[in-house]
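Please look over the chain below before reading on.

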Amino acid sequence: MPTANRSRAPRRIPLPLGCITLALAFSSVILACVAGALALSGCGGARGTASRRIVEREENAGKTHVRLRSELSPARGTLGDPITWRLVATIAPGARAGAVAVEEAPASLEITASKPPGEIRAPSGLQWSREYLIRGFDIGALALPRATLPVVAAGRIDTLEFPRDTLFVDSLTQAATGAIRPDRGAIGTPLRAVDYAVLAVAGLLAAAVILVLIRFVLRSRRRKEAEAAPAPPDPPEAILDRALDQLEYLVASLPRDVYYERLAQALRAYAAAVTGVPASDLTTTELDRELVRHERVSAEGRERMIAALRRADLAKFARYEDEESEARSIVRQARSVSGKL
């Protein structure tokens, strides 16, 4: 009995194997459907598409429904071959069509009317049509001119435009056209691994160039800012030392009054720069009183300043046996004021 029960039990397929089987079956069904759809679409596209092309559009003239259609037969042509261009308008009952208007054709097209307008009335409405004969005298895609049709419905006139179409003209003869394969558009070329590598290298090079340019621009901007920044002003001590150096160099060439006047001006300019006192407008005595009032002015520096100024004032009019030696001595006394005020 146990053996018989085991033989009647259904055989179970492991879960992974069952999933794989279902996936394969489902994939087979999908592939079959896709193949059938491709076969059907291929058959439908080949039926009459090479000999005729139809472009349609639907509009409303008020409450009247109108279907406009442009037909080219054949769809492609060669230089100078006649091609039939047929304009068809299906208009709902209660409306009528006027005279069609076609814009002037370009120099590469020759358009002539081959048949007068035709009208077929039926209970479902009016079917209006007009045929033209077209010849193309240029290679490539030639846009057909604009065609409009006035429609009168309920006492109102609406001008409707037929859908725009394009004529494709080839340079081959009819015999050669039938010997070659039909045009199926551009051939897609997938990218290879080397193409992706080249693109990656080009992207890295472009990023590197951009980074170099950014660094160059930032460095140039910083350099310009550094050049435009004004130099810090010289300290008053440096200005005084330069003025005394120049006076010591010109001690033998300058007149005595001019020499001591420049010396006094240099000392007063130094006092004004350090203390803020307008020393150039004050006498030596007035300057001494102003410097005494300032707590930050050291007594030693003030005394050296006033002593050098008074000695320079007296030296303008005094007579010395060695005037150059006296002038250099006063300059040395003026140097002792630097940094002490």
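By class, how many nonpolar, polar and charged residues does the lining of the largest cavity have? The lining has six nonpolar, no polar and three charged residues, where Ala, Val, Leu, Ile, Met, Phe, Trp, Tyr, Cys and Pro count as nonpolar, Asp, Glu, Lys and Arg as charged, and the others, Gly among them, as polar. This is a predicted model, in which local features need pLDDT of at least 70 and side-chain atom pairs pLDDT 80 or more, while totals for chains, interfaces and linings use all residues. Residues are numbered from 1 along each chain as its sequence is written, and side-chain values use heavy atoms, with hydrogens and water left out.

The residues that line the largest cavity are Trp85, Leu144, Pro145, Arg146, Ala147, Phe162, Pro163, Arg164 and Asp165. A cavity is a set of points on a 1 Å grid over the protein atoms alone where a 1.4 Å probe fits but cannot get out, and lining residues have an atom within 4 Å of a point.

Helix α6 covers residues 256-275; helices are DSSP runs of H or I with at least four residues, numbered from the N terminus. Its buried residues (under 20% relative accessible area, 1.4 Å probe, protein chains only) include Tyr259, Tyr260, Leu263 and Arg268. Among the elements covering the buried residues of α6 are α5 (236-249) and α8 (299-315). Just after α6, glycine 276 has a positive phi of about 85 degrees.

In the chain of 341 residues, 27% count as buried. The secondary structure comes to nine helices and 13 strands, strands being DSSP runs of E with at least two residues.

Definitions and conventions
On a 1 Å grid over the protein atoms alone, a cavity is a set of points where a 1.4 Å probe fits but cannot get out, and a pocket is an open set with protein on both sides within 12 Å along at least five of seven lines; lining residues have an atom within 4 Å of a point. The expected span of a helix is 1.5 Å times one less than its number of residues. Buried means under 20% relative accessible area, exposed over 50%, partly exposed in between (1.4 Å probe, protein chains only). Contact means heavy atoms within 4.5 Å.
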